[in-house]
Amino acid sequence: MPRVTELTVNGTRRPIDADPDIPLLTVLRDHLSLTGAKYGCGEGQCGACTVLLDGQPARSCITPVRAAAGKQITTIEGIHHPLQDAFVEEGAMQCGYCTSGMIVSGVALLKKTPHPTREDIVRHMNGNICRCGTYLRIIAAIQKAAQHA
Amino acid sequence: MPDTPARIEPERYELTAPPAYRFAVDRRDFLGLLGGGLLVVFSAGAQESGRARRSEALPQDLDAWLHIGEDGAVTICTGKTEVGQNIRTSLSQAAAEELHCPIASIKLVMADTALVPYDMGTFGSRTTPTMAPQIRRAAATAREALLDLAAEKWNVDRAKLSIADGKIACAGAAAPIGFGELTKGQKIAKTIAPDAPVARPLCQSVPKLAAREIVTGQHKYTSDLTRPGMLYGRVLRPPAFGATLANLEAPSLPGVTVVHENNFVGVAAPDARTAAASLRQIKAEWNREPVPPGAAFGPGLYEYLKQTSEPGQPDVHGSVADGMAAADIKLAAAYTVAYIAHAPLEPRAALAEWDGGKLTVSTGSQVPFGVRRELASAFGIPEDRVRVIVPDAGAAYGGKHSGECAVEAARLAKAAGKPVKLVWTREEEFTWSYFRPAGLIEISSGVRRDGSIAAWECHNYNSGGSALVGKYDIANQRNVFHPAKSPLRQGSYRALAATANHFAREVHIDELAHALHMDPLEFRLKNLKDERLRAVLHAAAERFRWGTGNSKDKGIGIAGGFEKNGYIATCAQVDIEDSRIRILRVVQAFDCGAVVNPDHLKNQIQGAISMAIGGALFEQIRFGDGQILNPRFSQYRVPRFSDMPEIEVVLVDRPDLPSAGAGETPIVGLAPAVANAVFHLNATRLRSLPLLEGGL
């Protein structure tokens, strides 16, 4: 498989030079200095690395960069959404390390389901870990953003 | 019996291990600088962290706490670290309230050892009771100095001056004047009066200061930092704890620095992938230490801890034998808690850079000055050549007191002659950090038919002494903490052993109430005089509608307690689905004195309850043969959205009392409340954490 030489990130074409099987997360963070997506587990279990690929949430730590080539990649740096304000207003964070992934996952949910039930939110967000335990506030923030949508 | 001071050091388990590695020496000077304007200083020795730790002497220089520049910028320095408990906001609030200025005009410099006064570290819920008043004193000193300057400038009596919104005004005079204008051209130093009284907090829900940076992904954690020419580090880990390197074959790899010194083997490479690949090419042979039988997870662990334990120092009131002789009902039961991991979502990370003989390390630690000491010791250089900076970190929960990652990054950077960033993998974080101690707690007790507790004897093996002695009025009791030989490296964890000791005590109390056919709340209140603990029990019970006799109230449990000057009561309702405990509803009342920031306090309490669900229901480190067997989130279950009950928090504000820290104590009530609720539901008495271990 040839090396990956370009990615489209947050609407901009970015030249890169990466082995095709490097995790997308590594390319975003180390090659493109987009550090909003975080490393948390390396096995797609915590959601801190979540980005959107053509609008669908993906765990960038287990996504080889070749799978992202040719797709629209959206990271937290490219998101401007009422959910971010809702997180601030609801105080839906403590250390904040999970927040990027939570917001990216939440934005994907609201796009698919503009008025999610609590059960929808729990099901969709259950792969994202907040070790500080702000889950109920995150649910409230998503509900708030849905109201304003 | 006079009041017995706590004999058990609350932070006993803070790690004091010497550095894992010691490296060769070189020297050069390091200086810190401060600007002009108005400077508020404090002589060392009386500062917040004013007790020397063990053999360490406190620095004897003057420490700068607050500076108001000629541009009006207010800079405040503290050695405390922000790890999600939101003290960047609460400490800025304290300063803004004293200076009567917008919180946005305050710059809080945290945890940069080159800029801030010495501090022991961010643990033990000490920031709110001790650092906040200190910052209030510094800010009040500055405010008074500014008022003096204004009075002098306008040549008026100070009584005519008022201060608001970052400006000083004079009745009937010209426009209000800003802090910067007053300090322009000045070089004033003021000393804080150490015992000056401090105002109580205003109880305001100021939003988290860094929230906007966080929701846009702009906040830089240690793991997000870079430096020009920076390399990526990786460390070769032994196959088991205690293993020593017998033989090493490391191929020469272009552009890759390989370090092998004693037991340390690591690489630094231009990118993370090359670093990982280089590590795989190193062939190492290790000598493994034999692991004693029993030093593995499972039921045998607790017997092992008991067998390896020391006698301990008993805390004795009255005579347990006399109390037992007077008891009508006697009970004895053993409770266990497993080792659990902090698992902060940001694993340990460090970025180290040498400049000649000077070393600068950014790292997510709760103890920046301790890490500085570790680094100085590891490299044999004076501490004043080491600068440690802690960017606001991706959580810690007591798990980031040590500096091993910083030392490793610094060693690699020294060899490479370039900055090196080292971010531990999740597996490394689960394996090579340290754990909340496991423990065995044996309680025997006696009660009279009238519901009074006549005797209480409690032995805690290994888990720790925090909150070992409860608040119940028991004339005859004996409580002993027995240190033991832990098979795992163990250390601080949010609320330390208070979780284990509250679990054992509050479940045992429930067992006594059941034996007496008494309501568990009524039984507690009968044996409690402490007004604040009674108040939170009443507050939680009232909100929960405890004891209303509703037949729907199946599976309910209650627990209460006290730790670090915080009073807590927790009510929980559970159901059981497919042999799984499902927590439906939690009401928790908390009194930590005067409330600083009610919304953030609620956030801490909600978070502590959520985190407590893990330790209560399913978190457990599995280990054996010197290895951690579940070092991944796919194998180590932590609470998720689907585990969340309805949580109601009742704040019992005591504006008449000093504020206590609130990040830890709210974690202790959940496990016993849930265990008691399970018993209420189906008469199964669970005495081990996690509760699902052993099953239903």
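1. Chain A contains 6 helices and 5 strands. Helices (H or I, at least four residues) and strands (E, at least two) are DSSP runs, numbered from the N terminus. In sequence order, chain A reads β-β-α-β-β-α-β-α-α-α-α. With a radius of gyration of 15 Å, close to the 15 Å given by the globule rule for 149 residues, chain A is as compact as a globular protein of that length. The radius is taken over C-alpha atoms, and the rule is 2.2 Å times the number of residues to the power 0.38.

2. This is a predicted model: local features need pLDDT of at least 70, side-chain atom pairs count only at pLDDT 80 or more, and totals for chains, interfaces and linings use all residues. Residues are numbered from 1 along each chain as its sequence is written, while chains are lettered from A and ligands numbered from 1 in the order in which they are written.

3. Of the 149 residues in chain A, 58% are buried. A residue is buried if 20 or more other C-beta atoms, placed from the backbone, lie within 10 Å of its own.

4. In chain B, strand S3 (residues 74–78) has 4 of its 5 residues buried. S3(B) pairs with strand S4 (residues 106–110) of chain B in the parallel sense, over 5 bridges; pairing requires at least two DSSP bridges between the strands. Ile76(B) stands opposite Leu108(B) in S4(B).

5. S3(B), helix H1 (residues 87–99) of chain B and S4(B) form a right-handed β-α-β unit. Right-handed means that, with the strands pointing away from the viewer, the path from the first strand over the helix to the second runs clockwise.

Definitions and conventions. Buried ≥ 20, exposed ≤ 12 C-beta atoms within 10 Å, placed from the backbone.
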